[in-house]
Amino acid sequence: MAAPLLEIAGLTKRFGGVYANRDVTFDVRHGEIVGLIGPNGAGKTTLFNLVTGFIRPDAGTVRFDGADVTGMRPDRLCHRGVARTFQILKPFPRLTVEENVMIGALARGDAMESARATARRALASVGLEHKRDGLARGLSTGQRKRLEMARALATGPRLLLLDEITGGVDQPSIPGLIDLVGSLRSEGLTLLVIEHNMRVIMSLADRVVFLHLGEKLAEGAPREITAHPEVVSLYLGRRRDGH
Amino acid sequence: MRAWLAHRVEGLPVAAIVILVAALALYPLAATMPFWRHVVIMSMLYGAMGVAWNILGGLAGQVSFGHGLYFGVGAYTAAYCYTAFGLSPIVSLPMALAISTGASVLIGLPTFRLRGHYFVLASVFIMQSIYVLVSNWDRMGGAIGIEYPVYKAEGIADALWHGQFPDKLPYYYAALALFLLALGTFRAIQRSRFGMFLVAIREEQDAAHSLGVDVARYKLYALIASAAVTTLAGTFYAQYVLYVEPISTVSLLVSLEIGFIAILGGIGTLWGPALGAFVIVPTTELLRAYLSGRLALDMSRLADGGPLAWLEYYALGGGGNVDILVYGLVIMLIARFQPAGVLGFLRRID
Amino acid sequence: MIYGQVLVDGLIVGLMFALVAMGLSLIYGVMNIVNFAHGEFMMLSMYFCWFAWHFAGADPLVAMPFAAVLLFFLGVAVYRLLIRHVLARSLVAQIFATFGLLLFFQATAQFLWKSDVRTIPTSWASGHFQIAGLFFNGPEVVAGVGALLTAAALYWFIHRTETGLALQAVAEDAQAARLMGINDNRMYAIAWGVACAAAAIGGGLLSTYYAIAPLSGARWALPAFVAVAIGGFGSISGAFFGGLIIGVVQTAGGFFFSPNYKEVFVFALYLLVVFWRPYGLLGRK
């Protein structure tokens with residue numbers, strides 16, 4: 001069997017005296033969708049930032065496609081095939097939707113016209129082509145999520161990290177987003193996704209990693225995770241009460 | 001042909017651009033008085049610097065108050081090489097550009113890691129430190145600066161070699177060339193991949209970084225380009241006024257004025273800084289000329305001891321720095337009412 | 001002994017920096033605005049004291065409280081007329097707003113009162129004395145002690161009074177504070193008023209011995225930004241200790257190397273701090 005696409009081993013990050021991530025280890029294999037869940041403050045976004053090079057780990061390694069990429073800069077990682085979206089959406093507000101998506105293709109080395117073609121394909125695949133000439137700041141939250149995905153796709157990634165697919169999105173848009181992520185996988189992408197909506201996780205993920213206070217408490221198939229006593233008591237139980 | 005003339009470059013039809021450039025080129029025929037030529041020369045000089053600042057401040061969103069440094073590099077290199085070694089500005093200019101690029105790398109590499117206020121303050125402190133260092137650098141004339149010896153050129157070739165001309169006309173066309181070069185550089189960058197990256201960095205640095213844009217590298221390129229044009233302006237300035245001193249080159253005040261030109265006209269736009277320069281420079285030059293005339297009158301009356309002389313004296317003061325006063329006032333009004341600058345104001349009327 | 005003298009001199013100067021820096025940090029902490037014009041408020045107070053002395057023979061220490069009250073209202077006015085309208089704007093607009101204010105005040109002073117240096121030769125604080133082999137200049141000591149007392153009052157105001165606590169709440173989270181019924185707009189105005197009044201006290205104390213000129217304030221405010229950075233942007237007590245540090249660094253740099261370059265040492269310290277400890281030497285995060 002081939003080596004996993006992403007191997008995270010012993011990843012640790014402290015802010016002040018507090019562990020944001022502590023000795024986190026798991027793999028993401030080719031063609032998989034792995035869900036990352038956990039309560040607020042569990043260290044999910046920090047883990048994304050560590051994997052994508054925005055912050056350096058205090059200990060541990062990240063390997064991508066067999067090579068050690070620990071602490072590598074975000075732009076270099078992107079060129080290797082790692083793309084991400086942000087939980088707090090970061091469109092380029094005063095660029096058009098199309099220009100937003102072109103940036104990733106241009107950074108890959110494309111010329112203007114081929115970047116435009118790539119951008120249009122990416123926008124079509126997320127269903128935003130009708131908005132392409134408008135400014136990004138005119139988009140709704142759901143549209144911005146799609147824009148971020150299109151932007152990431154235009155970099156030609158092999159691994160896509162999605163920070164909250166459905167957070168802040170209105171209910172009717174959710175099935176469309178689920179379909180979109182599913183179709184990305186069928187095109188050969190590997191995905192690591194942070195998601196609070198368990199319905200989304202259950203329908204998409206092959207495996208689920210549960211983080212709590214920066215540590216990995218459980219890992220397994222979605223059904224195993226939802227039956228895991230600690231996950232239920234720390235996360236699912238409370239969520240059912242709260243929501 | 002007609003379609004081409006109607007084509008718009010950032011909202012301005014090509015026909016209008018042709019007319020404006022022609023008007024600038026023909027202006028000295030109409031304006032024969034040195035003062036009126038001087039006003040437009042200074043407008044084009046500051047316009048060029050505002051446009052250059054806009055590459056870094058407007059496109060890349062890195063607000064620097066240190067551009068006086070690059071202006072000073074151009075001015076001091078020319079003045080020092082000429083007065084110390086008799087070197088023509090034609091020879092010293094490549095040296096100045098090399099120094100400017102070196103300084104850009106040295107300063108840009110560490111400071112571009114800083115964001116927001118931290119970056120702005122770093123540029124302020126570096127500028128202020130350079131000012132103190134140059135003011136105490138005896139070889140560069142300290143706080144007094146360097147004055148060119150008067151040189152009477154014999155023939156055009158000699159004048160070109162010395163970079164000194166007896167009347168303002170050659171300076172005028174050199175300034176026009178500089179101004180157009182700055183605009184051309186800005187436009188070329190704005191339309192390129194490089195320009196797209198800069199705007200992406202300005203709009204959302206982390207997103208640009210995650211999409212594969214080498215943020216540090218492109219910020220540095222933007223600084224180098226911006227600094228090079230500013231250095232060119234510095235060399236022109238030294239050869240034009242034939243006197244270089246710290247306060248009018250490597251100072252925070254000059255750095256502020258440069259950035260302000262861009263803000264006043266419209267930050268991040270092609271035409272904004274050019275427009276800004278042609279609004280504020282003539283205004284302040286005229287005001288200054290008017291007030292210094294008034295001051296000469298009042299001083300004589302003060303000597304006569306007229307009854308209200310002291311009042312006028314205090315009310316008019318030195319009459320100095322009225323340009324800065326206007327700068328300060330206008331800058332606040334722009335920040336308060338129309339951060340998109342005069343261009344934004346015009347668009348609103350439109 | 002010489003080290004002791006430099007240290008003491010540095011701390012006395014540092015107390016003044018501390019006071020200036022606390023005002024800056026108050027404004028930054030409450031509304032994330034860097035007030036580049038802070039030194040100009042000091043300068044205006046210095047001129048106020050000079051005119052009070054020149055025309056009415058008033059000692060600066062007497063004129064100072066009046067300057068503080070006047071500048072409190074000037075600070076509030078500046079907030080209401082200018083700053084309030086740029087709060088929601090870009091960083092560029094905010095920076096140019098306060099830099100514009102700086103240029104405007106400086107140039108107005110130059111325009112009205114010219115660049116001539118003025119001094120107030122006779123103040124109650126004049127004179128020299130000597131303790132345990134250390135020399136002290138009367139006005140500087142008075143200014144240092146005055147700055148310390150004002151700094152203490154400022155600290156008390158922010159940490160012990162209801163208004164001060166409301167200011168802190170707004171600094172922490174303006175939206176939450178609004179929900180608690182705190183008028184954040186009013187708090188911002190108060191922050192400006194108080195910071196400017198503190199600057200006025202600083203200017204008044206300085207006018208007893210320091211040269212009064214249009215650029216006099218900037219010489220104190222620029223290094224004070226470094227103190228704010230050392231203390232961690234927005235931290236009031238951090239700014240105080242940052243002020244003491246830069247006072248000593250500037251004095252030592254001026255003494256052991258050259259007084260011409262004393263500010264350069266302080267500015268270099270800023271770069272050192274932001275690269276090495278972006279949240280300040282004393283800051284947490």
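Author: This is a predicted model. Start with chain A: the C-alpha centres of domain 1 and domain 2 of chain A lie 24 Å apart.

Reader: How do you know where domain 1 and domain 2 of chain A run?

Author: The domain assignment of chain A sets the bounds. Domain 1 takes 1–81 + 158–174 + 190–243, and domain 2 takes 86–156.

Reader: What makes a residue count towards the contact of domain 1 and domain 2 of chain A?

Author: Its C-beta atom, placed from the backbone, must lie within 7 Å of one across the contact. By that test, domain 1 of chain A gives 10 residues and domain 2 of chain A gives 7 residues. On the domain 1 side, 3 are nonpolar, 4 polar and 3 charged.

Reader: Why are strand 1 and strand 2 of chain C called paired?

Author: Pairing needs at least two bridges. Strand 1 (residues 128–131) and strand 2 (residues 134–137) of chain C have 4 bridges, so they pair. The two strands run antiparallel. C:His128 has C:Asn137 as its bridge partner.

Reader: What lies between the strands of that hairpin in chain C?

Author: There are 2 residues between strand 1 and strand 2 of chain C. In this hairpin, C:Ala132 takes a positive phi near 50°.

Terms used: Residues are numbered from 1 along each chain as its sequence is written. Chains are lettered from A and ligands numbered from 1 in the order in which they are written. This is a predicted model: local features need pLDDT of at least 70, side-chain atom pairs count only at pLDDT 80 or more; totals for chains, interfaces and linings use all residues. Domain bounds come from an automatic or database domain assignment. Two residues are in contact if their C-beta atoms, placed from the backbone, lie within 7 Å. Ala, Val, Leu, Ile, Met, Phe, Trp, Tyr, Cys and Pro count as nonpolar, Asp, Glu, Lys and Arg as charged, and the others, Gly among them, as polar.
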